[in-house]
Amino acid sequence: MDSGFSSEASPPASGPCRPVTDYRTRWSGIQRHHLQDAIPFAQAREEILGILKGKVVVGHSIYNDFEVLDVLHPGHMVRDTCTMRLLSRLAGFPSERCTSLKILATRLLNRKIQVGRRGHCSVEDALASLDLYKLVEGEWESERVQQCELKDDDAAPREPSVASSNHYMQDEYWPDDVIPDSQ
């Protein structure tokens, strides 16, 4: 995977580890000014690890984010809407297909995301992923419990209770200026 970084110059005191040669704004939403005076990657990674510790992480194709961060989050603590077969089926696709977040949001949430030239908004994507999860949460979690019971593995770690919406991460981590108005 090409990270878009060049390794020729020494890393700056803040921001990315190496000079950025392609911001991939269309997909990342990141522009040059976003990385000016940014905290160093290692510090950002440690802060992210602290936030994620002990939490169920909901996202779409979240393995890409974990790979970039070099994070191995426990599988039983991950809810990836890309791999939830029920969502693909509800959207009218074969359950084996990993349907894009944009299509799932359009078909199941009646929400347009990832439009325009500014690129993806990570907050908008996160909200769409969380709302898709909420849409099928009961069935998804019941299915997970059944799978665990079938394995009959008492040594398997138990995930936090998801019986109520109180377990969702609070919006304190999402700056007001990046939350889309179209919620």
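In this predicted model, the buried residues of helix α4 pack against α3 (41-52), β1 (57-59) and β2. Helix α4 spans residues 62-69, and its buried residues are Ile62, Phe66 and Leu69. These residues cover an arc of only 65° around the axis, which puts them on the same side of α4. Ile62 and Leu69 also belong to a nonpolar core of 7 residues, which includes Leu52 and Val71 as well.

Ser61, found in the loop between β1 and α4, has a phi near 55°, a positive value in a residue other than glycine. Asp70 follows α4 and has its place in the loop between α4 and β2; its phi, likewise positive in a residue other than glycine, is near 55°. With regard to accessibility, Ser61 is buried, with a relative accessible area of 13%, whereas Asp70, at 62% relative accessibility, counts as exposed.The largest nonpolar core of the model has 16 residues, and those with the most contacts inside it are Met84, Leu87, Leu104, Leu108, Leu132 and Val136. The elements that give two or more residues to this core are α5 (85-90), α6 (101-109) and α7 (122-151), and among them α7 gives the most, with 6 residues. In soluble globular proteins, nonpolar side chains tend to be buried together.

Charged side chains were considered next. Side chains of opposite charge can pair when their charged atoms come close, and the structure holds 3 salt bridges. In one of these, the side chains of Arg79 and Glu141 meet with a distance of 2.7 Å from N to O. Arg79 lies in strand β2 (residues 78-80) and Glu141 in helix α7, so this pair ties together parts that are 62 residues apart in sequence. Both partners lie under the 20% limit for buried residues, since Arg79 has a relative accessibility of 0% and Glu141 one of 8%.

A further salt bridge is formed by the side chains of Arg111 and Asp131, at 2.6 Å from N to O. Arg111 lies in the loop between α6 and α7, and Asp131 in helix α7, so that the pair ties together parts that are 20 residues apart in sequence. Asp131 is partly exposed, with a relative accessible area of 23%. The salt bridge between Glu46 and Arg45, by contrast, joins side chains whose closest N and O atoms are 3.4 Å apart; Glu46 is partly exposed, with a relative accessible area of 49%.

As for aromatic side chains, the count comes to 1 aromatic pair. The rings of Tyr133 and Trp140 have their centres 5.3 Å apart and their planes at 65°, and the pair is therefore edge-to-face. Tyr133 is buried, with a relative accessible area of 1%, and Trp140, at 6% relative accessibility, counts as buried too.

The confidence of the prediction sets limits on this description. The protein averages a pLDDT of 77, and 73% of the residues score at least 70. Over residues 1-12, however, the pLDDT stays under 50, and for this stretch the model has 21 contacts beyond four places in sequence. Over residues 160-166 the pLDDT is also below 50, and this stretch has 8 contacts in the model beyond near neighbours in sequence. Where pLDDT is low, the predicted coordinates should not be read in detail.

Note on methods: Residues are numbered from 1 along each chain as its sequence is written. This is a predicted model: local features need pLDDT of at least 70, side-chain atom pairs count only at pLDDT 80 or more; totals for chains, interfaces and linings use all residues. Side-chain values use heavy atoms; hydrogens and water are left out. A nonpolar core is a set of buried Ala, Val, Leu, Ile, Met, Phe, Trp, Tyr and Cys residues joined through side-chain atoms within 4.5 Å. Buried means under 20% relative accessible area, exposed over 50%, partly exposed in between (1.4 Å probe, protein chains only). Helices (H or I, at least four residues) and strands (E, at least two) are DSSP runs, numbered from the N terminus. A salt bridge is a side-chain nitrogen of Lys or Arg within 4 Å of a carboxyl oxygen of Asp or Glu. The arc is that of the directions from the helix axis to the C-beta atoms. Contact means heavy atoms within 4.5 Å. pLDDT is the predictor's confidence in each residue, from 0 to 100. Rings of Phe, Tyr and Trp (its six-membered ring) pair if their centres lie within 6.5 Å; planes under 30 degrees apart count as stacked, over 60 as edge-to-face and the rest as tilted.
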